[in-house]
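Okay, thanks for coming, everyone. Let me put the model up and we'll talk through some side chains and a helix pair.

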Amino acid sequence: MTTGPGNGGKGAFALVTLLALLALGWWLSAQDTPVTAHRRLDEYPELFVEEGSCSAKGDALPKGRRAEELARLRADRYAYDPRDGVRAVGRYLDAESCYRAAGDAVGVRRARRAGASLAARVNTDYAAARLNLLNALERERWSVALTEIRRLLLLTDHIGRHEYVEWLSEIIGRVTVKARTAP
């Protein structure tokens, strides 16, 4: 094998290209932004997956009424605490279950309709918060991002362990620091 001017140039070009690609790969992996750090943003948890229940003890009709009343009270508080919206949907499901056990078809429809309406509102707010978070992170609007992270953590409080919730918990510290130091 000869090392003439034609062959040496190709080898050097290949080496430079390889080094450039390695440097680019290192640079991309070293980026420490909340958006790219260990994220699975498209794999968020569903908020409402459980079905309602009505305990076998006691009369189902009064339990259904009580569950529906608690649902309305929680729904009224949703504007102040996102967890209350999620809890209210659960109580509506419980009320529906108790009304079904009591044979009250009107109560079943009323609880189902109210629960579905609130669930749609909460799910819409959940989707908006996820989108607002992504936009805030991309635009480095740290205080907005922090507000959305807090809202999302409250909405997902009942879920427990999930990759998306863990990601939110991981980035809140970095976003808090950036929000405090941003001009």
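So, which side chain does Arg87 meet in a salt bridge? That would be Asp84, at 3.4 Å from N to O. By salt bridge I mean a side-chain nitrogen of Lys or Arg within 4 Å of a carboxyl oxygen of Asp or Glu.

Quick caveats: this is a predicted model, where local features need pLDDT of at least 70, side-chain atom pairs count only at pLDDT 80 or more, and totals for chains, interfaces and linings use all residues. Residues are numbered from 1 along each chain as its sequence is written, and side-chain values use heavy atoms, with hydrogens and water left out.

Back to our pair. Both sit in helix α3, residues 82–102, three residues apart, about one turn of the helix. Helices here are DSSP runs of H or I, at least four residues, numbered from the N terminus. Asp84 is buried at 2% relative accessibility, while Arg87 is partly exposed at 33%. Buried means under 20% relative accessible area, exposed over 50%, and partly exposed in between, with a 1.4 Å probe and protein chains only.

Glu96 is buried at 11%, and Arg100 is partly exposed at 47%.

Then there's Glu166 with Arg161, closest N and O atoms 3.1 Å apart. Shared partners also join Arg74, Arg77, Asp84 and Arg87 into one network. The total comes to twelve salt bridges.

Terms used
Helices (H or I, at least four residues) and strands (E, at least two) are DSSP runs, numbered from the N terminus.
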